[in-house]
Amino acid sequence: MNSPLIDSLGLRLGANGLPYEIPIHPNLVHLTLGLFIIAIFFDIAGSIFPIERPIFKFLGLPAIRAGFFDVGWYNLLGASIITFFTVGFGFFELLLANPPINQKSDWGLTASWTMLLHGLGGVVLLGMIVAMTVWRGLQRYHWRKNDSRQVQWGYLLVGLAMLGILYVHGTLGGQLGSEFGVHVTAAKLLQAGAK
């Protein structure tokens, strides 16, 4: 944390080292994750709809295949927009972080390396989510607009791989909060031996 810089900006930092009560970045992360996961799983559900149709009919659910693809598309579009704010707040909160120096995570990384990898990973993931949104939009409005299955199998495989990358990236972020206590007052108190 650069105190002269903070002072020049006129920010009054609270107990968690941020100018607001609770960190905003983790909340936006969960919004990004939720929207992206729903998008991929609804596109999968739409793609295997012929298998599911008898189940929906038995349950009396009036599901249509296009509805699954609509949910997939609009959730991915939402994830793409929200992720700009997620990454923006992530960098703002990283700039205000005051990580411990002589501590390593369960993965053997220092706080500085974890912050660096998490920051770079966030930018890469933003680019990947936007690229997937463009890819999905081309499928929806051009390449497969007359097909009953709106998405390509390759798109779904990349989406599933992205879920694995998001898990690793999210774990790095979780380590910053829980293991290094970055902007988490409770974690710092526990590390200090508070009871």
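Reader: Where does G174 sit?
Author: G174 is in helix α6. Just so you know, this is a predicted model.

Reader: Ok, and is G174 buried or exposed, or partly exposed?
Author: G174 is partly exposed, because its relative accessible area is 36%, and the band for that label runs between 20% and 50%.

Reader: How far is G174 from V134?
Author: From C-alpha to C-alpha, G174 and V134 are 29 Å apart in space. Along the sequence they are 40 residues apart.

Reader: Switching to pockets. What volume does the largest pocket have?
Author: The largest pocket comes to about 600 Å³.

Reader: Which residues lie nearest its centre, and how many line it?
Author: The lining of the largest pocket has 31 residues. Nearest the centre are H25, P26, V29, H118 and G173.

Reader: Which elements give two or more residues to that lining?
Author: Those are α2 (25-47), α4, α5 and α6 (153-178).

Reader: And by class, what's in the lining?
Author: The largest pocket is lined by 15 nonpolar, 15 polar and 1 charged residues.

Reader: Since α2 came up, what about T32? Buried or exposed?
Author: T32 lies in helix α2. T32 is buried, since its relative accessible area is 6%, and buried means under 20%.

Reader: How far is T32 from Y155?
Author: Their C-alpha atoms are separated by 18 Å. Along the chain, T32 and Y155 are 123 residues apart.

Reader: Now salt bridges. How many are there?
Author: The count comes to 3 salt bridges.

Reader: What does D43 pair with?
Author: D43 meets R136 in a salt bridge, with 2.8 Å from N to O. This pair links distant parts of the chain, as D43 is in helix α2 and R136 in helix α5, 93 residues apart.

Reader: Are D43 and R136 buried or exposed?
Author: D43 is buried, and R136 is buried too.

Reader: Why do you class D70 as partly exposed?
Author: Because D70 has a relative accessible area of 32%, which is over the 20% limit for buried and not over the 50% limit for exposed.

Reader: Which helix gives the largest share of the patch?
Author: Helix α4 (residues 65-95) does, with 5 residues.

Reader: So where is Y141?
Author: Y141 is found in helix α5 (residues 111-143). Y141 counts as partly exposed, because its relative accessibility is 41%.

Reader: Last one, F180. Where is that, and is F180 buried or exposed?
Author: F180 is found in the loop between α6 and α7 (185-191). F180 is buried, because its relative accessible area is 1%.

Reader: How far is F180 from A15?
Author: F180 and A15 are 15 Å apart in space, C-alpha to C-alpha, and 165 residues apart in sequence.

Note on methods
Residues numbered from 1 in each chain as written. Predicted model: local features only at pLDDT ≥ 70, side-chain atom pairs only at ≥ 80, totals over all residues. Heavy atoms only, no water. Helix = DSSP H or I, 4+ residues; strand = E, 2+ residues; numbered from the N terminus. Buried < 20%, exposed > 50% of the residue type's maximum accessible area, 1.4 Å probe, protein only. 1 Å grid on protein atoms, 1.4 Å probe; cavity = no way out; pocket = protein on both sides within 12 Å on 5 of 7 lines; lining within 4 Å. Points joined across faces, edges and corners; volume = space filled by probe spheres on them. Nonpolar A, V, L, I, M, F, W, Y, C, P; charged D, E, K, R; others polar. Salt bridge = Lys/Arg side-chain N within 4 Å of Asp/Glu carboxyl O.
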